[in-house]
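Me: I have a two-chain model open and would like to go through how its features get their labels. Could you take my questions one by one?

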Amino acid sequence: MNLFRSEEHIVRWLAGREPGATISVAKLSELSQAWWDDRVSPDWVPHTREQNQAILERLGLTGAFWQLA
Amino acid sequence: VVDEPDLQLRRRTYAFLVEHGRAPVAAELGDPVETVAGWRRLHAEHAVVLNPGTDELRMLNPFSVVPTAYRVQAAGRWWYGNCAWDAFGICAALHADGRIETSCPDCGARRWSSSFGTNARTTIRSSSTSSSRRCAGGTTSSSPEAG
């Protein structure tokens, strides 16, 4: 995932290539909190695919791009 | 499936990283042969990422063990994230405010930073402009990882 100055910069950088998905930095921070919050905790256990998918859905990140394999 | 002994090895590996600000080498966590064997099992379960040629740690997600374009200042140290998501993830994992330094892949030369609070406040600053809230996290070719 890359961080751009603005959506205009994303469009220019893509140069006609097919885009993936674009989210705001605020949404990215929300996603990071939900996804990584427990990563160094002594109680960490691997997330299941369903748990991770639920995080994405709770944050409104739906659609084909956000479907975990 | 990660069994309890390997979960413990993973905990010790991450704890070493957080305490020392760098990833351990195998001998620093005990018997190096057993440690590498455990790391390989964790690698197979996507719980750590090893360099394929050397069996050294390369990623302890969201942390990168090697330098990247995403530098994070948090909890009194500088860290490297594997990507923008991971850079914010380092602050989340450490439960710390932090500053992320990177450059826009488009205009490159402009270096800018973000501060990030555990209350999810985000402010963006550019080195060349006083303030901008138009910055966007863009994903390009990969799908979200499963880990």
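This is a predicted model: local features need pLDDT of at least 70, side-chain atom pairs count only at pLDDT 80 or more; totals for chains, interfaces and linings use all residues.

Me: What makes Cys91(B) a buried residue?

Reply: Buried means under 20% relative accessible area. Cys91(B) has 0%, so it counts as buried.

Me: And why is Cys83(B) called buried?

Reply: The relative accessibility of Cys83(B) is 12%. That is under the 20% limit, so Cys83(B) is buried.

Me: Why is Ala15(A) called exposed?

Reply: Exposed means over 50% relative accessible area. Ala15(A) reaches 62%, so the label exposed applies. Ala15(A) sits in the loop between helix H1 (7-14) and E2 of chain A. Its backbone deserves a look too: phi of Ala15(A) is near 50°, a positive value in a residue other than glycine.

Me: Which label does Asp55(B) get, buried or exposed?

Reply: Asp55(B) has a relative accessible area of 18%, under the 20% limit, and therefore counts as buried. This residue is in the loop between strand E1 (49-50) and E2 of chain B. Asp55(B) also has a positive phi, about 60°, although it is not a glycine.

Me: Why are H1(B) and H2(B) called roughly perpendicular?

Reply: Angles of 65 to 115 degrees count as roughly perpendicular. The two helices pack at an angle of about 100°, with their axes 10 Å apart. That angle is inside the range, so H1(B) is roughly perpendicular to H2(B).

Me: Which residues meet where H1(B) and H2(B) pack?

Reply: From H1(B) come Asp6(B), Leu9(B), Arg10(B) and Thr13(B), and they meet Thr35(B), Gly38(B), Trp39(B), Arg41(B) and Leu42(B) of H2(B). By type, the contact has three nonpolar, three polar and three charged residues.

Me: Which residues have the most contacts inside the largest nonpolar core?

Reply: Those are Leu31(A) and Trp66(A), in a core of 50 residues. Elements from both chains each supply at least two of its residues, including helix H2 (25-36) of chain A and helix H1 (4-20) of chain B. H3(B) gives the most, with eight residues.

Me: What does Leu31(A) touch, leaving aside its neighbours within four places in sequence?

Reply: Leu31(A) is in contact with Ile23(A), Ile55(A), Leu56(A), Leu59(A), Leu61(A) and Trp66(A), and with Trp85(B) from the other chain.

Me: Finally, where is the cis peptide bond?

Reply: A cis peptide bond joins Asn61(B) and Pro62(B), with omega about 10°. Pro62(B) is placed in the loop between E2 and strand E3 (63-64) of chain B.

Terms used: Residues are numbered from 1 along each chain as its sequence is written. Chains are lettered from A and ligands numbered from 1 in the order in which they are written. Side-chain values use heavy atoms; hydrogens and water are left out. A nonpolar core is a set of buried Ala, Val, Leu, Ile, Met, Phe, Trp, Tyr and Cys residues joined through side-chain atoms within 4.5 Å. Buried means under 20% relative accessible area, exposed over 50%, partly exposed in between (1.4 Å probe, protein chains only). Helices (H or I, at least four residues) and strands (E, at least two) are DSSP runs, numbered from the N terminus. Contact means heavy atoms within 4.5 Å. Axes are lines fitted to C-alpha atoms, for helices over the stretch in contact, and angles run from 0 to 180 degrees between N-to-C directions. Angles under 35 degrees count as roughly parallel, over 145 as roughly antiparallel, 65 to 115 as roughly perpendicular and the rest as oblique. Ala, Val, Leu, Ile, Met, Phe, Trp, Tyr, Cys and Pro count as nonpolar, Asp, Glu, Lys and Arg as charged, and the others, Gly among them, as polar.
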